[in-house]
Amino acid sequence: MDGHDAENTKQSTADMTAFVQNLLQQMQSRFQTMSESIISKIDEMGNRIDELEQSINDLRAEMGQEGSPSPSAPLKAREEPKSAEDS
């Protein structure tokens, strides 16, 4: 019976090893898929940000503000042209 028990133990160990290897392969595949998905979404967000920046620059050019230093310019300078346009 000892020989039979030893063979069962070896088979059980082999089964467990195969199971763990299979599980690790599945996990690696899932992580690879998630990684590719995340990279794809980051690239997409980068493209959308580029499009948004271009739209902002186009709008600034239409408003004749292409030479303005930044969107954080003093409020007074921005409010004066608005009040002149409103009247």
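What is the mean pLDDT of the protein, and what share of its residues reach 70 or more? The mean is 82, and 70% of the residues reach 70 or more; pLDDT is the predictor's confidence in each residue, from 0 to 100. This is a predicted model, where local features need pLDDT of at least 70, side-chain atom pairs count only at pLDDT 80 or more, and totals for chains, interfaces and linings use all residues. Residues are numbered from 1 along each chain as its sequence is written, and side-chain values use heavy atoms, with hydrogens and water left out.

Buried residues (under 20% relative accessible area, 1.4 Å probe, protein chains only) are 2% of the 87.

Next, select residues 2-62, helix α1, and pick out Phe31 there. Phe31 is exposed (over 50%), at a relative accessible area of 51%.

Last, go to residues 74-80, where pLDDT stays under 50. Residues 83-87 are also below 50.

Methods
Helices (H or I, at least four residues) and strands (E, at least two) are DSSP runs, numbered from the N terminus. Contact means heavy atoms within 4.5 Å.
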